[in-house]
Amino acid sequence: MVDINKIKLIIFDMDGLFFDSESVYAIGWQKALDYYQIKVGDNFVSSLKGQGARDNDKAIYDLCGNMSLVKKIRQYRTDYFLDELRKGNVKLSYFALEIANYLKQRGFLIALASSSFKETVDALLSTHNLLNFFDFKVTGSDVESVKPSPEIYNKTLELADCRPSEAIAFEDSLYGILAAKAAGVEVCHIGESNEKAKAISFASYSNLKDAYFSIF
């Protein structure tokens, strides 16, 4: 078990963890693929969850073999997502703001580490008046390789001047967990039961509230 007394930095993933955004992304992807008449299998859209933009673009390119079309599909999905964001349909995840505020009050540094591009991250944060909420923020625009590469986590640790043993992360996707572990950061898995994710995490809970009151 992690020794909380030695922890200085708490790192949150964004999509699916701090914000309930994955379902909106999924609908956007499906609408974009349908609009451009790209046929996909039942599990294709769900396979995009937790991946960075470059990996998702490659997956779509492998389907259609046309990078110009890939860009159009991404733009369609982005426009859909931003429209839903403006409508107030992209919510904070259950207990996300509460746990972050509690941790700040207890003196922890808090960071956001996301594979999404900076423009998307800032749009989400700004809409919820959280643009300057986190002590540190690292996005897919700040690194060469996104999760499951450890680069996002390595950069977050560098900015916070923390050793891996002084941080813990909250992640909902296997890619995110692998990224944190590769950087030497212990991870608490949040979300639906996933045996592989649970096996490499120090703890696993269905939501952030249960995690907070169990760990801290």
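**Fold, core and rings**

Tutor: The protein's secondary structure comes to ten helices and eight strands; these are DSSP runs, helices (H or I) of at least four residues and strands (E) of at least two, numbered from the N terminus. This is a predicted model, in which local features need pLDDT of at least 70 and side-chain atom pairs count only at pLDDT 80 or more, while totals for chains, interfaces and linings use all residues. Residues are numbered from 1 along each chain as its sequence is written, and side-chain values use heavy atoms, with hydrogens and water left out.

Student: What share of the 216 residues counts as buried?

Tutor: Buried means under 20% relative accessible area, exposed over 50%, and partly exposed in between (1.4 Å probe, protein chains only). Here 50% of the 216 residues count as buried.

Student: Which residues touch the most other members of the largest nonpolar core?

Tutor: A nonpolar core is a set of buried Ala, Val, Leu, Ile, Met, Phe, Trp, Tyr and Cys residues joined through side-chain atoms within 4.5 Å. In the largest, of 41 residues, they are Ile10, Phe12, Phe170 and Phe216. Apart from that core lies another, of 22 residues, including Phe136 and Ile152.

Student: How is the burial pattern of a helix read?

Tutor: An α-helix has 3.6 residues a turn, so residues three or four places apart point the same way. In helix H7 (residues 151-160), the buried residues are Ile152, Tyr153, Thr156, Leu157 and Ala160. Viewed down the axis of H7, they fall within an arc of 135° and so line one face of the helix; the arc is that of the directions from the helix axis to the C-beta atoms.

Student: Against which elements do the buried residues of H7 pack?

Tutor: They pack against strands E1 (9-12), E4 (109-113), E5 (136-138) and E6 (167-171), and against helix H8 (174-182). Contact means heavy atoms within 4.5 Å.

Student: How many aromatic pairs does the structure hold, and how is one described?

Tutor: A pair of aromatic rings is described by the distance of the centres and the angle of the planes. Rings of Phe, Tyr and Trp (its six-membered ring) pair if their centres lie within 6.5 Å; planes under 30 degrees apart count as stacked, over 60 as edge-to-face and the rest as tilted. The structure holds 17 such pairs. The rings of Tyr25 and Phe81 have centres 4.3 Å apart and planes at 10°, so this pair is stacked. It links distant parts of the chain, with Tyr25 in helix H1 (residues 22-35) and Phe81 in helix H4 (residues 67-86), 56 residues apart.
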